[in-house]
Amino acid sequence: MSTELIRIPLPSRFAYDKVNVYLALGDTPTLIDCGEYFPKSIETLQAALADYGLKIQDLAQIILTHAHVDHMGAAGWLASQSGAVVRMSEGVWPWVADFEACLSQRITVLQEAYRQAGMPETMQQMFVEGLKAFRSVWSQIPPEQVALFDLAGGQTLQFAQSTWEVLYTPGHSVVQNSFYDAQGQRLISADAVLPQTPVAVVEQRLDKPTLRSYSLPQMLDTFEQLARLPVKQILPGHGTIDTPLAELLKQQGMRIEHRTEETLAWVRRGHHRVFDIAQQLYAKAALPHFFLGFTMTLGYLDLLEVRGLVVCEQDAQGWRYVSKS
Ligand SMILES: [Zn+2]
């Protein structure tokens with residue numbers, strides 16, 4: 001029986017690239033992540049399964065890497081068609097238990113962050129509308145088919161004739177897991193490692209859901225953790241990666257450091273608001289790319305704050321970042 005993982009890139013309405021799901025054959029046909037729930041995505045998946053003589057009904061196990069719609073929107077429909085067990089961390093579970101509550105909490109936290117960051121009202125509204133549209137590619141997972149693993153990692157999963165250790169790899173998402181096959185030296189990184197530096201998505205904190213996460217500092221810790229692993233093959237959530245893991249993480253880490261230095265220079269030149277600094281750093285970027293830049297700018301400022309190089313003051317207009325030296 002094959003230990004191979006078959007990459008199936010699915011179309012996405014929300015990601016900037018296709019989203020990868022991975023198919024493991026054998027006695028327990030398994031999907032790692034499952035894409036969004038809309039006709040073109042489902043049809044693409046069906047056609048790919050058919051190449052291996054499989055139908056959706058044959059799926060026995062679905063494993064989720066994190067709670068973003070491009071990775072799990074179709075899980076509910078696939079699970080109800082197949083009866084497959086859906087494995088996810090207890091960090092992803094709240095999105096299954098009450099999707100609307102999690103989404104509205106996310107919107108509240110983000111709207112507050114956008115406001116504090118000095119983003120114009122019309123742009124805030126646009127992004128909030130984008131978040132609400134997540135509903136259009138979501139399907140409800142039958143709770144009785146769910147099996148949980150620890151978000152913090154340590155447990156193992158079985159698929160592709162291999163044993164995979166669950167790793168906690170936050171940064172892109174506070175509920176991001178990766179899966180590591182020590183024997184085959186394979187890493188399903190999902191969005192913890194991507195061909196291009198992952199976006200440090202702003203989310204609600206796990207311990208204090210009314211506050212936002214400091215995602216970029218978490219991502220750099222994850223990079224450090226992953227760079228130590230012996231890995232021959234990386235299986236990312238989008239695209240493909242041929243560069244050795246340690247080298248890729250070093251390159252992306254250096255770029256983050258470089259951007260963080262530039263951010264500090266803009267603060268020292270008298271730019272104190274996140275949105276204003278993002279406009280300096282990403283002057284040439286149009287929407288939607290500017291939005292990614294804006295998110296990263298907040299991350300660079302978080303890094304500077306964590307390192308004690310800037311302080312974040314609060315005034316009537318929102319957050320005001322000031323250099324400490
Ligand atoms: Zn993704």
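Two residues are in contact if their C-beta atoms, placed from the backbone, lie within 7 Å.

Figure 1. The model is predicted: local features need pLDDT of at least 70 and side-chain atom pairs pLDDT 80 or more, while totals for chains, interfaces and linings use all residues. Numbering starts from 1 along each chain as its sequence is written. Of the contacts between residues at least 6 apart in sequence, 64% join residues at least 24 apart. Buried residues (20 or more other C-beta atoms within 10 Å of their own, C-beta atoms being placed from the backbone) account for 45% of the 325 residues.

**Figure 2. Axes and crossing of helices α5 and α6.** Helix α5 covers residues 99–117 and helix α6 residues 121–132; they pack at about 165°, with axes 10 Å apart. Axes are lines fitted to C-alpha atoms over the stretch in contact, and angles run from 0 to 180 degrees between N-to-C directions. Helices are DSSP runs of H or I, at least four residues, numbered from the N terminus. The pair is therefore roughly antiparallel, a term for angles over 145 degrees. The crossing of α5 past α6 is right-handed, that is, the near helix is turned clockwise from the far one by less than a right angle.

**Figure 3. Residues between α5 and α6.** From α5, Leu103, Arg106, Ile107, Gln111, Tyr114 and Arg115 make the contact; α6 supplies Gln124, Phe127, Val128 and Leu131. These comprise 6 nonpolar, 2 polar and 2 charged residues. Ala, Val, Leu, Ile, Met, Phe, Trp, Tyr, Cys and Pro count as nonpolar, Asp, Glu, Lys and Arg as charged, and the others, Gly among them, as polar.

Terms used:
Helix = DSSP H or I, 4+ residues; strand = E, 2+ residues; numbered from the N terminus. Parallel < 35°, antiparallel > 145°, perpendicular 65-115°, else oblique. Buried ≥ 20, exposed ≤ 12 C-beta atoms within 10 Å, placed from the backbone.
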